[in-house]
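Please keep the structure in view while reading.

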Amino acid sequence: MFALFLSPAPPSPLLSFNPFSHISPPSCIPAADLLRVASRRLISATKTTQSVSTMATEEENVGNMKRQLAKIFDVSLRATVPEETDVEPLVAACAGKFGDYQCNNAMGLWSKIKGKGSQFKGPPSVGQAIMKNLPPSEIIESCSVAGPGFVNVLVSKNWIAKSIQKMLIDGIETWSPRLPIKRAVVDFSSPNIAKEMHVGHLRSTIIGDTLARMLEFSNVDVLRRNHVGDWGTQFGMLIEFLFERFPNWEEVTETAIGDLQTFYKASKQRFDSDPAFKEKAQQAVVLLQGGEAKYRKAWAQICEISRNEFNRVYERLGVQLEEKGESFYNPYIPNVIKELTDKGLVEESQGARVIFIDGINIPLIVVKSDGGFNYASTDLAAIWYRLNEEKAEWIIYVTDIGQQQHFDMVFRACKRAGWLPLEDNKHPKATHVGFGLVLGEDGKRFRTRNTEVVRLVDLLDEAKSRSKAALIEREKAAEWTEAELEQIAEAVGYGAVKYADLKNNRLTNYTFNFDQMLNDKGNTAVYLLYAHARICSIIRKSGKDIEELKKTGTIVLEHEDERVLGLHLLQFSEVVEEACTNLLPNVLCEYLYNLSEIFTKKFYSNCQVVGSPQETSRLLLCEATGTVMRKCFYLLGIVPVYKI
């Protein structure tokens, strides 16, 4: 197990090896049986013996080089230590000059088998045995063992080329990862009704959308849930204020009410200063929750006005959500509380009903002392619904890191109730995806000059406006139609805002700075979009029909920088899988930036494309790079541009 945490081995191989020239070592298990064991363990679909080269084409491993190598090493591990049946291959990409990937099982295996009369003398000899027991595979060019048993693998450049060419013909979806779940709920954005979406909602909306997109690409059925705050005591004052301000409230329009945030503040001020109004507002809550038609209709009207405001933001961001707010789960709460009570989880405490969580000195209040429900009761009902009605195997909550303890308590209550397994690595499971603050250049929460929070729609409009101004300054207005200018300004502006957020580890705070995010140099969306546009320009200038070249041309990776680019392209699937598994969009951003850097500073700088003897092959590499970049953009919610 220690091999997981070790750095790549020092570059001094003890033994070099070509898997195509070795003789299979003696083993107490026939080779055909070993292949069957590996196939059952890793894909559980095959019932007949297969060669490793054909196993590598199994649907769930197409395009995922790391998983295909893991399957090959699994065969070797079964032959090397047949008595150790619980060993999983530990394969990782590496940057050493002796290999592209490393198998890091040797040290962990040695710690398990030493003292058991093993034939091995230490980790290096275990590593050599693992290498010698590798079955023939077209994926592997050569292997070497270095340091304490690290098995370095050099991937065949011919196999890399064939894999990329196959993707160009069959489509990038053949490189989608296969995750161990079929359905997930991603709960994100979740603004409060009657309040404007502000910069604080930016991260939840952007991060949640990207997680949903990556999971969808990985063949998971994703239920995108907008858990809006559409229920609670604040609606009493809003409804009464609506009745008071507009006697003909049923006919009132969104325009007449005006800014909902201002409307909310005015109603709150009235609630705090006028005892008679406060009493009427409190009575309105009772009537609303009791189902009184007039109050339900007024509530629905306020929600619809607010929903229209939210949709203006979602349309700009290209985000799709299905609303299931607090009011949706409200009818389920009584039975959920009853079930938790019957299981002995709910206790009385100072007039409230609570669940005590081991190690936390405050209880989880599920029914307030006045008999009302709260966030915890709604969240418990939502989890119950998502597990039992929507059959979710993974429930993901994207909120600020300040809510970590709340969700930890809710999840632990669900484990006590038997709704979720005690082990975090089993499904179904629930995960809180926390994120840090958006800061201004003064290092404080990002606000306007008059200390108001920044309206999200205004921020996005300014990003587009600045992007358009930069394009006009570059005299693009003379080259493009007004519609093209608008579309590209929008793609670049909104993309810049998204990427500036997503490229950071979500747990950290980040500083919002328009000048930095709209810079066309460095790790920005503008740089990446321009790089993609240049790739498209290269293909256009060649005058060749790229679709025809896909059918008739062949990719050949002769130059070292061609191979570097090809290898990085082929690592796309495993990067998406890592980003999904750890719920970290920045992993995909880093991959995309590195891809752009490799293409621009290595491949394009050193490998002439148009007019070279290798033109066809290199045009196909350009197209493959553009294809992968476009899929990265899509997963990040960024619209690509094709000219700049």
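**The sheet**

Two strands are said to pair if DSSP finds at least two bridges between them. In general, the strands of a sheet pair through backbone hydrogen bonds, and the pairing may be parallel or antiparallel. In this model, which is predicted, 5 strands form an open sheet whose order is β8-β7-β6-β12-β13, and the pairing is parallel. At the edges lie β8 (322–323) and β13 (429–433), each of which pairs on one side only.

Strand β12, which covers residues 394–398, runs parallel to β13 and is joined to it by 5 bridges.

Another helix, α16 (residues 404–416), lies across β12 and β13 and runs at about 175° to β13.

**Two pairs of packed helices**

Two packed helices are described by the angle between their axes and by the distance between those axes. For helix α18 (residues 482–502) and helix α20 (residues 525–542), the angle is about 130° and the axes are 8 Å apart, which makes α18 oblique to α20. On the α18 side, the residues in contact are Ala-491, Val-492, Gly-495, Ala-496 and Tyr-499, and they meet Ala-525, Val-526, Leu-528 and Leu-529 in α20. Sorted by class, this contact of α18 with α20 has 8 nonpolar residues, 1 polar residue and no charged ones.

In the second pair, helix α6 (residues 157–170) packs with helix α22 (residues 560–570) at an angle of about 55°, with the axes 10 Å apart, and α6 and α22 are therefore oblique to each other. The way in which α6 passes α22 is a left-handed crossing. Here Lys-157, Trp-159, Ile-160, Ser-163 and Ile-164 of α6 meet Arg-563, Gly-566, Leu-567, Leu-569 and Leu-570 of α22. By class, the contact of α6 with α22 has 6 nonpolar, 2 polar and 2 charged residues.

**A lysine in a loop**

Is Lys-476, a loop residue, buried or exposed? Lys-476 sits in the loop between α17 (456–473) and α18. Its relative accessible area is 8%, and because a residue counts as buried under 20%, Lys-476 is buried. Leaving aside residues up to four places away in sequence, Lys-476 touches Leu-471 and Ile-644.

Definitions and conventions. Residues numbered from 1 in each chain as written. Predicted model: local features only at pLDDT ≥ 70, side-chain atom pairs only at ≥ 80, totals over all residues. Heavy atoms only, no water. Axes fitted to C-alpha atoms, helices over the stretch in contact; angles between N-to-C directions. Helix = DSSP H or I, 4+ residues; strand = E, 2+ residues; numbered from the N terminus. Parallel < 35°, antiparallel > 145°, perpendicular 65-115°, else oblique. Contact = heavy atoms within 4.5 Å. Nonpolar A, V, L, I, M, F, W, Y, C, P; charged D, E, K, R; others polar. Buried < 20%, exposed > 50% of the residue type's maximum accessible area, 1.4 Å probe, protein only. Left-handed = near helix turned anticlockwise from the far one by under 90°.
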